Amino acid sequence: KAKEAGRNQYHFFAQEMQQQVNRRVELEQLLRAALEHQRLTVHYQPIVDTVSGKLYGVEALMRWPTDFGQYISPAEFIPVAEESGLIAPLGEWLLAKACNDIRRLNKALGMNCYLTVNVSSQQYRLGFNATIIKQIMQQSGFHPENLTLEITESILLEDDKAVTAWLQSLRATGVNLAIDDFGTGYSSLSYLKRFPINILKIDRGFIQDIDQNQDAVVLVNAILSMAESLSLKVIAEGVEQQGQLDCLTGLGCQYVQGYFYAKPMAIEVLIDWVEQFAIISDRTSPKLWLD
Ligand code: C2E
Ligand code: MG
Ligand code: MG
Ligand code: MG
């Protein structure tokens with residue numbers, strides 16, 4: 001009897017595993033087709049400079065729309081793209097599209113909006129490099145100084161020398177480098193001195209309960225003062241409420257991103273949003289009080 005139950009259980013797990021594998025294979029095929037037929041798109045989420053009250057830049061986030069007006073979550077398809085190697089062409093496509101979109105936005109509105117783009121550690125392994133960046137910058141006319149590449153701490157666990165050389169070559173093109181989801185990795189903080197990083201993005205997990213939890217305040221404060229002494233910019237991710245924003249500005253965190261200001265949106269929607277936000281922030285600009 002016990003043997004039979006064990007066998008049934010094994011059977012159940014094997015079936016479940018097989019289903020997961022099938023889903024992966026299916027997703028990979030669908031993703032490949034979506035890339036080929038240009039069915040993927042990009043949404044942009046504003047990052048606000050709380051000192052000037054104005055827009056600082058936007059983060060580009062990949063979107064995969066289904067035929068039913070919904071989206072497949074990046075949490076589901078980015079790992080598939082990474083395992084299959086599709087992240088290489090996808091990442092290049094996104095970078096080129098985002099540079100073109102934001103270049104046009106800047107031209108149309110006469111502004112200087114920054115752009116940040118996620119680069120997965122798998123792209124490093126697959127050969128994403130300075131040559132590709134330069135080519136995309138040239139074709140789009142986007143200034144590399146206005147571009148930031150977001151990497152995660154996981155990449156810094158790789159071979160030190162090779163990663164350092166890679167990051168330095170990227171940095172040499174003029175782009176900025178940010179650590180995304182800062183605080184969630186396991187690497188030692190000493191890498192901040194060794195690698196040519198200039199921005200930290202504090203993970204949403206630290207921001208979530210910052211207005212209720214003294215430990216979160218202490219942690220964010222420590223990150224801010226360390227960043228200041230290393231001359232790094234800090235962006236707080238996942239700001240959803242006024243209380244969190246007040247807390248962050250009180251601590252001296254200059255840049256914030258989150259649903260409090262806006263969700264990620266399509267480029268046409270972003271252009272309207274940016275125009276509206278410019279009007280509002282002009283009206284409430286701290287500078288007006290000094291005039
Ligand atoms: P991420 O780079 O940390 O991006 C921030 C994520 O937080 C986005 O999720 C964004 O929509 C979400 N978010 C922003 N503000 C808030 C907020 O106030 N509250 C909450 N609850 N969430 C907020 P999204 O777009 O689903 O992307 C998830 C992750 O997928 C990204 O995390 C990034 O690691 C990855 N990803 C997305 N697009 C790309 C891409 O083009 N390339 C690569 N390599 N990874 C990407
Ligand atoms: Mg990011
Ligand atoms: Mg990321
Ligand atoms: Mg993040």
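**A metal site and a helix pair**

In this predicted model, the magnesium ion (ligand 3) is coordinated by N118 (OD1) and D180 (OD), at 2.1 to 2.7 Å. Donors here are N, O and S atoms within 2.8 Å of the metal (3.2 Å for Na, K and Ca); water is not among the atoms, so sites may look incomplete. N118 also bridges two ions: the magnesium ion (ligand 3) and the magnesium ion (ligand 2) lie 3.3 Å apart.

N118 sits in strand β4 (residues 114–118) and D180 in strand β6 (residues 176–182), so the pair ties together parts 62 residues apart in sequence. Helices (H or I, at least four residues) and strands (E, at least two) are DSSP runs, numbered from the N terminus. D180 is buried, at 7% relative accessibility. N118 is partly exposed, at 30%. Buried means under 20% relative accessible area, exposed over 50%, partly exposed in between (1.4 Å probe, protein chains only).

Now the helices. The axes of α9 (residues 214–229) and α10 (residues 242–251) come within 10 Å and cross at roughly 40 degrees. Axes are lines fitted to C-alpha atoms, for helices over the stretch in contact, and angles run from 0 to 180 degrees between N-to-C directions. V217, V220, N221 and L224 of α9 meet C247, L248 and L251 of α10, where contact means heavy atoms within 4.5 Å.

Residues are numbered from 1 along each chain as its sequence is written, and chains are lettered from A and ligands numbered from 1 in the order written. Local features need pLDDT of at least 70, side-chain atom pairs count only at pLDDT 80 or more, and totals for chains, interfaces and linings use all residues; side-chain values use heavy atoms, leaving out hydrogens and water.
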